[in-house]
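User: Got a structure here I'd like to chat through. Can you walk me through some spots in it?
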Amino acid sequence: MTKPPMLTAQQALDHLLSHAKPVNEVETLAMQASLGRVLAENVNSLVDVPPLDNTSMDGYAVRTADTQTTGSTLRVAQRIPAGSMGTQLEPGTAARIFTGAPVPPGADAVVMQEDCAIPDGSTDQVQVNIAPTSGQWIRRRGEDLTAGKTALTAGTFLRPQELGVAASAGLTHLNVKRKVRVAAFFTGDELSLPGEPLKPGGIYNSNRDTLLACIKSLGCDATDFGIVPDSLEATKETLRKASKDHDLIITSGGVSVGEEDHIKPAVTAEGRLDLWQIAIKPGKPLAFGAVRKSDNSSNNAETWFIGLPGNPVSSFVTFLLFVRPFILKLQGRDAGAPQSYPMRADFDWLKGDRRNEFLRVKINAQGGLDLFPNQSSGVLTSASWGDGLVDCPPGQVFKAGEMVKYIPFNALLS
Ligand code: AMP
Ligand code: MG
């Protein structure tokens, strides 16, 4: 049997991303329903934010021309709480003013109340103890957003703070991309669902919960097509069912080229497939292709297919490195490299592998990285103990104290 060529992680990713096309359908959703969605078009502000120059402090609005000398005393001619408008500030007067209230015309600074005093016995005077500079404590009209200008750009993933920006711009609804729909199934005669008795020689299907949660954490709809036995017919039939109404099918297991590995022939029969050996560890085999749709559920004639390895750490890591960017691109998001940080390794790594390794590590109290002692692709506790991966290029060795490339899991799960 000929061995498929070994690709670098970057080659495999470039190939995947060259195929992914963003979904086109757009929905209009109320603000709260838009959380976790992707903006389909730019959002332009309906208003200036803030709408008027206003004070960021409780205190007194003044003219700096009147307050050049320390201890200047002014008559308090008006009172402006937030939500009301003042009037022209006449020379020699001050306005009592509260955070968020518009600065009255004529005033060019605010003095915080801590820097003022009320002269003994006075009911309408204020003494300014620290001469203000012009513009002090004034938030300028439009310094946050300008009416008619872009507040958020198409392709933005909507987090709580983006919803707040859109609301500050005066919007009630947003035009967002429809959710990407991902089908998943899990191959292996040895698999049982938790809650069922284990078969002799069996193990629990952990990939189901890891991968469905990965899909959902990216804001996609996930459909579970369950455990599929190691049979060509069962695999083909599930592919046909999963191709309906979905953009992408993800599987775990069965992507090697052993007699019990049916993904390759099944996807080839139902569509087309490339099987890759990627020079990474964990996670060597990865299958990429497409399955013909067996219905007319959408304009696309095919559903994308990505087959992940069965080992739990391998399927998790390959999801994060390859499936996630593919999904991001389907969603219309930026599928660039995940955030990474140079960090100090507090362990030796002396057995450089010819593959690009992704080590499960955790940040320690000294601000360095500790290594989980068992880096086997079957030991999923390494990923739950860890808070990220060290991206270790082929052949790289290092000693404790050296800097390495760290990618936190939370940069890969949204
Ligand atoms: P495979 O890629 O099918 O050869 O499986 C590789 C290893 O991963 C085997 O030890 C399988 O038992 C294990 N495995 C496969 N699928 C799962 C799963 N869904 N949950 C947990 N382990 C799995
Ligand atoms: Mg298997």
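User: Which residues does Asn 207 touch, leaving out those up to four places away in sequence?
Analyst: Asn 207 touches Phe 186, Leu 212, Ser 252, Pro 309, Gly 310, Pro 312 and Ser 315. Contact here means heavy atoms within 4.5 Å. Keep in mind that this is a predicted model, where local features need pLDDT of at least 70, side-chain atom pairs count only at pLDDT 80 or more, and totals for chains, interfaces and linings use all residues. Side-chain values use heavy atoms, with hydrogens and water left out, residues are numbered from 1 along each chain as its sequence is written, and chains are lettered from A and ligands numbered from 1 in the order in which they are written.

User: OK. Where does Asn 207 sit, and is it buried or exposed?
Analyst: Asn 207 is in helix α3. Helices (H or I, at least four residues) and strands (E, at least two) are DSSP runs, numbered from the N terminus. Asn 207 counts as buried because its relative accessibility is 7%. The cut-offs are under 20% relative accessible area for buried, over 50% for exposed and partly exposed in between, with a 1.4 Å probe and protein chains only.

User: What does the side chain of Asn 207 reach?
Analyst: The backbone oxygen of Gly 310, at 2.8 Å. That's a polar contact, meaning a pair of N or O atoms within 3.5 Å; within protein, one must be able to donate a hydrogen and the other to accept it, and residues adjacent in sequence count only if both atoms are side-chain atoms.

User: Switching to the ligand. Which residues come nearest to ligand 1?
Analyst: There are 14 residues around ligand 1, and Glu 190, Asn 205, Gly 254, Gly 310 and Asn 311 come nearest. To be near, a residue needs one of its heavy atoms within 4 Å of the molecule or strand.

User: Which polar atoms lie by the ligand's oxygen and nitrogen?
Analyst: A polar side-chain atom of Glu 190 lies 2.5 Å from an oxygen atom of ligand 1. An N or O atom in the side chain of Asn 205 is 2.8 Å from a nitrogen atom of the ligand. A polar backbone atom of Ser 206 is 3.1 Å from a nitrogen atom of ligand 1.

User: And how much of ligand 1 does the protein bury?
Analyst: The protein buries 76% of the 480 Å² that ligand 1 exposes when taken alone. Accessible areas come from the Shrake-Rupley method with a 1.4 Å probe; for residues, only the protein chains shown count as cover.

User: Which elements give two or more residues to that shell?
Analyst: β16 (203–204) and α3 (206–217). The shell divides into 4 nonpolar, 9 polar and 1 charged residues. In that count, Ala, Val, Leu, Ile, Met, Phe, Trp, Tyr, Cys and Pro are nonpolar, Asp, Glu, Lys and Arg are charged, and the others, Gly among them, are polar.

User: New topic: what's the strand order in the open sheet of 6 strands?
Analyst: It goes β8-β5-β7-β6-β10-β9, with mixed pairing. The edge strands, β8 (109–112) and β9 (116–117), each pair on one side only. Two strands pair if DSSP finds at least two bridges between them.

User: How do β5 and β8 pair?
Analyst: Strand β5 (residues 59–62) and β8 are antiparallel over 4 bridges. Ala 61 has Val 110 in β8 as its bridge partner.

User: What about β6?
Analyst: Strand β6 (residues 72–80) pairs with strand β10 (residues 125–128) in the antiparallel sense over 4 bridges, with Arg 75 partnered by Gln 125 in β10. With strand β7 (residues 93–97), β6 runs parallel, joined by 5 bridges. Ile 80 stands opposite Ile 97 in β7.

User: Next, Phe 316. Where is it, and is it buried or exposed?
Analyst: Phe 316 lies in helix α6 (residues 312–331). Phe 316 is buried, with a relative accessible area of 9%. Leaving out residues up to four places away in sequence, Phe 316 touches Thr 210, Cys 214, Ala 383, Phe 409 and Leu 413.

User: Last one, Glu 162. What is it in contact with?
Analyst: Beyond its neighbours within four places in sequence, Glu 162 contacts Leu 152, Thr 156 and Phe 157. Glu 162 lies in helix α2 (residues 160–168) and is buried, at 9% relative accessible area. The side chains of Glu 162 and Arg 159 are joined by a polar contact of 2.8 Å.
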